[in-house]
Amino acid sequence: MRGLYSLLLRILSPVLLGWMALRARRAGGRWSVLGAARFGRYGRTGRGPGAVWVHAVSLGETRAAQPLIRALMDRGHRVLLTHLTATGRAEGERAYAAELADGRLCQDWLPYDFPGATRRFMRHHRPAVGVLIERELWPNLVHAAVDAGVPLVLASARMSESSLRMTLRLGALLRPAYGALARTYAQSLPDARRLERAGARQVAVSGNFKFDLQPDRERMARGASFAARLDRRVVVIASTREGEDALFIEAIRQQLGPRHARGAAADRPPLFILVPRHPQRFETAAGLLRAAGISFVRRSRLLALGDDSTTAVEACRDADVVLGDTLGEMAWYYACAQVAIVGGSFAPLGGQNFIEASAQGRPVLVGPHTAHFEQAVGDALAAGAIARAADPDQAVRQALRWLDDPARLRGMGEAAGDWVRQHAGAVARVVDGIEALLTRAPPRPPGS
């Protein structure tokens, strides 16, 4: 079955590469779609064998993997970090600039899942162990790792019911890949059971890496300072996805209209911070704000003015919205706000990470579509740390009601912080498992 898959991959490769090129053009950034590394060809000499290879496909996985990568480097391990998307690679370059400079971490593209490309990747980098984040499993990549004697770990793993159904339909192809994993660390017990049905062995429930992610303290301090000087209540609408921006902008327009009409100084409208998930939609969101007649200022302009300088604060005085058109600043955005609405969950897209907001003690509203965070959402709802809204309009109205209820804000914020602390520890469990695998025999050259 893997041979048939590889044949189809080769036959369809012009279409798939064309799709990648189109995606890269729309998204922007450095994708290197036809670069040599994408095909497992590396002109430079490798950094030497023995690194812990961590694959974080895109932006979300790269952020989720940060506590794991930090823990590995703190224990003296060199790390090879790979990606498939430009946003993931850019976040890695930003987050690990010092480690890239001193050689403790190196980055590369993960090659496409052609048999030869994956074999060349293993031969060039010769990792001691591989860690795949959340659900990134490729049949030829797994086969090449097994052939090279590189044990693979699937960490902070999740699998929805729909993903399980698809995996079972492709059982002859994917079951051997899941079965070849040395260890699988699931986010929750339901995830673990579904992964076992998919064919994974040595499955343990370790928890979600996102609970161990430490917010950037410097950005948090700057965000809190900015909010204090602004002296205005703030709602952040974070990680909005396709189709959600327009709905939230309309909800903001409807809520701000009556407040502006009253014009009372004592009823100064709150400031909204709208943060689209993907940078290619920053301009689209700006156009929607203009069309709605909503005054806004870009976060990039505030940075140009001096971040939390007096000039930057003044630029927000008469704005209704700050458009979050920067990357890597979620800690700043959440630190500015009293309430967080987390997107990706108001359209059938599975939801986005809300744990980072909860870690800062922010009351959170999510939408009805949270399949990617099923267990976390259920637990947080039970703990009183978050609430669910049916649609963007209801979410905005609920956020504004919370702003008028300081006791409710304080209680939910404390519940959020407690809930995150209770679920921390996944990284330590996984790192212990990785180090146990590292005591085994070193990987052999492919084909030996």
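Helices here are DSSP runs of type H or I with at least four residues, numbered from the N terminus, and in this predicted model one such run, α3, spans residues 66–74 and is followed by Gly 76, whose phi is positive, near 90°. Helix α3 is mostly covered, seven of its nine residues being buried; these are Gln 66, Pro 67, Leu 68, Ile 69, Ala 71, Leu 72 and Met 73.

Strand β2, comprising residues 79–83, is joined to β3 by five bridges, and the two strands run parallel. Within this pairing, Val 79 has Leu 105 of β3 as its bridge partner. Strand β3 is itself mostly covered, with five of its five residues buried: Leu 105, Gln 107 and Trp 109 point one way from the strand, whereas Cys 106 and Asp 108 point the other way, and burial applies to all of them.

The largest nonpolar core contains 48 residues, of which Trp 53, Met 122, Tyr 178 and Leu 195 touch the most other members. Two or more residues are given to this core by each of α1, β3 (105–109), α6 (115–125), α7 (139–147), β5 (152–157), α9 (171–179) and α10 (189–198), and the greatest contribution, six residues, comes from α1. When residues up to four places away in sequence are not counted, Tyr 178 touches Leu 137, Leu 154, Met 159, Thr 167, Leu 195, Ala 198, Gly 199, Ala 200 and Arg 201. Apart from this core lies another, made up of 40 residues, among them Phe 211, Leu 230, Ala 376 and Val 420.

A nonpolar patch on the surface is formed by Met 1, Leu 4, Leu 7, Leu 8, Ile 11, Leu 12 and Leu 16, which together have about 660 Å² of accessible area. Of these residues, Met 1 lies in the segment before α1, the helix that spans residues 2–27. An α-helix has 3.6 residues a turn, so residues three or four places apart point the same way.

Because its relative accessibility is 3%, Ser 206 counts as buried, the cut-off for burial being under 20%.

Definitions and conventions:
Residues numbered from 1 in each chain as written. Predicted model: local features only at pLDDT ≥ 70, side-chain atom pairs only at ≥ 80, totals over all residues. Heavy atoms only, no water. Buried < 20%, exposed > 50% of the residue type's maximum accessible area, 1.4 Å probe, protein only. Patch = residues over 30% accessible without salt bridge, like charges linked within 9 Å, V, L, I, M, F, W, Y side chains within 5 Å. Areas by Shrake-Rupley, 256 points an atom, 1.4 Å probe, with all protein chains shown as cover. Salt bridge = Lys/Arg side-chain N within 4 Å of Asp/Glu carboxyl O. Core = buried A, V, L, I, M, F, W, Y, C linked by side-chain atoms within 4.5 Å. Contact = heavy atoms within 4.5 Å. Pairing = 2+ DSSP bridges.
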